[in-house]
Amino acid sequence: MDYSRSSKQCKVLPLIAAMLTTIGGGMVYADGWDPASKASNIDSIVNTRHNMTMSYLGGASVNMDSSRNDYGEVCVYCHTPHGANSTIGAPLWNRTNPGTSYTLYNKPLTSGQTPTAPGVNSLVCLSCHDGTVAIDSVINMPNRPGLSSYDSTQETTQNDAFLDTWPDNSPTLHAKFGDCMQCHNATNLFAPDFAAFFIDTDLRDDHPVGVSLPDTAIYDFNATTATTGNISFYDTNANGRADSNELRFYNSGEGFEVECASCHNPHGTPVNGTPGGPLIPSFMRVNEQSTLCLTCHNK
Ligand code: HEC
Ligand code: HEC
Ligand code: HEC
Ligand code: HEC
Ligand code: HEC
């Protein structure tokens, strides 16, 4: 992660926050949520930027119709009830998994371990955020009478001819994250800049994934307190379940490791666990960034 950017944000955000408060704008978070977003980030994934129908933009969502199929359903860009991807161990996964290889974090780690390739619970995120697969590249499109809505080759290869069978009015560029930035760049005043969110395939500048928790008796780390299935986690409420606000390590075959979903919940996690209210910004699992770091790191 680019922390220099976060500290730059810290100086700019209070200014914007003050301006919004003055003009009576909505709720503004101090910890990095982009107040320019049209997504209210309240209650459910439907109101977040992970709603690829962008229905929260109302009619303005047509701005994107030339660059992605609008399936009109929120979950389908990531999940399908049937015909899910058999090449990746993610829940009912509907997205193309092309087997991309990544440039791994390469600075020396305190424990001396070497990061392994991103596991399942990172690959799911990277299937959009690395820019190698179109946002709308799914295996099973929502059913439309008389149309073929399923293509098994989509499991590993993006097939634009198949995606083009989705009925819409204009020719569609099946945009990958980088293509979205034709509009979502720093010079366009009408679309928010996505540059910081484009993780790409070079993970050297991101918090390491594919690393395991070092021996907590030797290194400055806190031990997890519970394990269920492939998740080892900090069970803050001691209920034995990995709740969405609990940080975790995932085992996808190489032991329990940090992955994107260790820190982020793609559906959004309610602030203070209160359903129906605001979600923690940036799809984080915990609200306070120092709390986030200090859950695992004992500094
Ligand atoms: C032709 C220009 C254009 C392209 C290409 C484009 N967008 Fe947009 N996008 C816009 C505009 C303009 C808005 C702002 C609409 C508004 O303010 O009501 C927007 C808004 C958004 C928003 C809401 C942002 C927010 O927080 O308010 C998301 C999310 C989004 N676009 C995603 C995408 C994705 C994903 C792609 C690529 C698949 C994409 N866009 C491609 C023009 C574009
Ligand atoms: C932007 C992608 C995305 C969208 C959209 C999405 N999900 Fe998910 N979902 C994921 C990922 C990634 C995981 C795996 C999380 C992990 O690694 O722990 C997941 C896991 C799940 C799980 C199983 C584990 C859990 O967290 O409970 C369920 C159930 C689920 N999603 C339901 C839904 C439903 C229902 C919708 C639509 C309202 C939806 N998802 C929309 C990405 C998405
Ligand atoms: C279906 C494509 C897709 C998948 C899968 C996906 N994302 Fe996103 N994500 C996007 C788009 C598009 C945006 C909107 C552009 C932006 O704000 O970055 C976004 C935004 C974000 C943001 C910034 C939100 C904000 O409001 O500032 C974070 C953080 C994020 N995603 C993390 C993740 C993580 C972690 C995962 C996996 C658990 C994931 N995403 C999976 C497409 C996806
Ligand atoms: C160790 C915890 C951690 C891990 C692992 C992690 N992130 Fe993040 N991520 C963060 C934090 C903290 C932020 C900053 C949130 C803020 O500023 O509100 C962030 C921000 C982001 C953003 C928004 C852009 C930005 O720089 O603010 C995206 C997109 C994102 N993460 C995607 C990912 C993806 C994809 C992965 C896996 C490759 C991942 N993250 C792994 C902690 C993590
Ligand atoms: C889910 C647990 C987890 C969280 C949360 C987490 N980290 Fe880490 N972090 C790790 C692990 C594991 C390593 C690998 C450590 C090693 O092998 O030495 C690591 C490595 C690092 C490193 C590389 C240097 C080192 O110690 O080897 C830095 C710097 C770092 N983390 C900073 C942060 C910051 C800042 C945050 C909060 C934004 C954060 N981490 C959140 C687990 C976590």
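By class, the shell around ligand 3 in this predicted model holds 10 nonpolar, 4 polar and 2 charged residues; here Ala, Val, Leu, Ile, Met, Phe, Trp, Tyr, Cys and Pro count as nonpolar, Asp, Glu, Lys and Arg as charged, and the others, Gly among them, as polar. Of these 16 residues, His50, Cys125, Cys128, His129 and Phe197 come nearest to the ligand, where a residue is near a molecule or strand if one of its heavy atoms lies within 4 Å of it. Helix H2, which spans residues 120-129, gives the most to this shell, with 4 residues. Helices (H or I, at least four residues) and strands (E, at least two) are DSSP runs, numbered from the N terminus.

What coordinates the iron atom of ligand 3? His50 and His129 do, each through NE2, at 2.0 Å. Donors are N, O and S atoms within 2.8 Å of the metal (3.2 Å for Na, K and Ca); water is not among the atoms, so sites may look incomplete. The 6 donor atoms make angles of 88 to 179°, and the site is octahedral. Six donors count as octahedral if opposite donors are over 155 degrees apart and all others between 65 and 115.

Partly exposed lies between buried (under 20% relative accessible area) and exposed (over 50%), using a 1.4 Å probe and protein chains only. Elsewhere around ligand 3, a polar side-chain atom of Arg49 lies 3.1 Å from one of the ligand's oxygen atoms.

His207 is partly exposed at 35%, as is His297 at 27%.

Residues are numbered from 1 along each chain as its sequence is written, while chains are lettered from A and ligands numbered from 1 in the order in which they are written. In this predicted model, local features need pLDDT of at least 70, side-chain atom pairs count only at pLDDT 80 or more, and totals for chains, interfaces and linings use all residues; side-chain values use heavy atoms, with hydrogens and water left out.

How values were computed: A polar contact is a pair of N or O atoms within 3.5 Å; within protein, one must be able to donate a hydrogen and the other to accept it, and residues adjacent in sequence count only if both atoms are side-chain atoms. Four donors count as tetrahedral if all angles lie between 85 and 135 degrees; four count as square planar and six as octahedral if opposite donors are over 155 degrees apart and all others between 65 and 115; anything else is irregular.
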